[in-house]
Amino acid sequence: MRRNYNFYVYIMSNSRRTVFYIGVTNNIERRVSEHQESAASKSSSFTGQYNCSDLIYVEHYKYIYNAIAREKQLKGWLRQ
């Protein structure tokens, strides 16, 4: 039996939209908060180094395998 859950594919960016971070999570509020804390503290993480503190896009999925497939698709796109 498969369970339905909430999974999210999301894109974070900096204020000038020159850098993008694409990820998957099951708790979008917590994950965005973590990225914002990293950006604010200038941590050594990707979002900290590039100040990716703005959530600019979210998609919802019931199944993790669909969310992961979409994340891989987005990561394969050109930034243009």
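Modeller: Contact means heavy atoms within 4.5 Å. This is a predicted model, in which local features need pLDDT of at least 70, side-chain atom pairs count only at pLDDT 80 or more, and totals for chains, interfaces and linings use all residues. Residues are numbered from 1 along each chain as its sequence is written, and side-chain values use heavy atoms, with hydrogens and water left out.

Biologist: With which residues is Thr 25 in contact, leaving aside its neighbours within four places in sequence?

Modeller: Thr 25 belongs to strand S2, residues 20–25 (strands are DSSP runs of E, at least two residues, and helices runs of H or I, at least four, numbered from the N terminus). Once the neighbours within four places are set aside, the contacts of Thr 25 are Asn 6, Phe 7, Tyr 8, Tyr 10, Arg 30 and Arg 31.

Biologist: Which backbone nitrogen does the side chain of Thr 25 reach?

Modeller: Thr 25 is buried at a relative accessible area of 6% (buried is under 20%, exposed over 50% and partly exposed in between, with a 1.4 Å probe and protein chains only). At a distance of 3.1 Å, its side chain reaches the backbone nitrogen of Asn 27.

Biologist: Is Ser 38 buried or exposed?

Modeller: Ser 38 sits in helix H1, residues 28–41. Beyond four places in sequence, its contacts are Ser 43, Ser 45, Thr 47 and Gly 48. With a relative accessible area of 18%, Ser 38 is buried.

Biologist: What separates the C-alpha atoms of Ser 38 and Asn 51?

Modeller: Along the chain, Ser 38 and Asn 51 are 13 residues apart. Between their C-alpha atoms the separation is 7.9 Å.

Biologist: Why is the pair of Phe 46 and Tyr 50 classed as it is?

Modeller: The structure holds five aromatic pairs. For Phe 46 and Tyr 50 the ring centres are 4.8 Å apart and the planes stand at 40°. Rings of Phe, Tyr and Trp (its six-membered ring) pair if their centres lie within 6.5 Å, and planes under 30 degrees apart count as stacked, over 60 as edge-to-face and the rest as tilted. The pair is therefore tilted.

Biologist: What is the angle between the planes of Tyr 63 and Tyr 65?

Modeller: Tyr 63 counts as partly exposed at 24% relative accessibility, and Tyr 65 as partly exposed at 43%. Their rings form a stacked pair, 5.5 Å centre to centre, and the angle between the planes is 15°.

Biologist: Which residues do ring pairs link into a cluster?

Modeller: Phe 46 and Tyr 50, the tilted pair, both belong to this cluster. Its members are Tyr 10, Tyr 21, Phe 46 and Tyr 50.

Terms used. A polar contact is a pair of N or O atoms within 3.5 Å; within protein, one must be able to donate a hydrogen and the other to accept it, and residues adjacent in sequence count only if both atoms are side-chain atoms.
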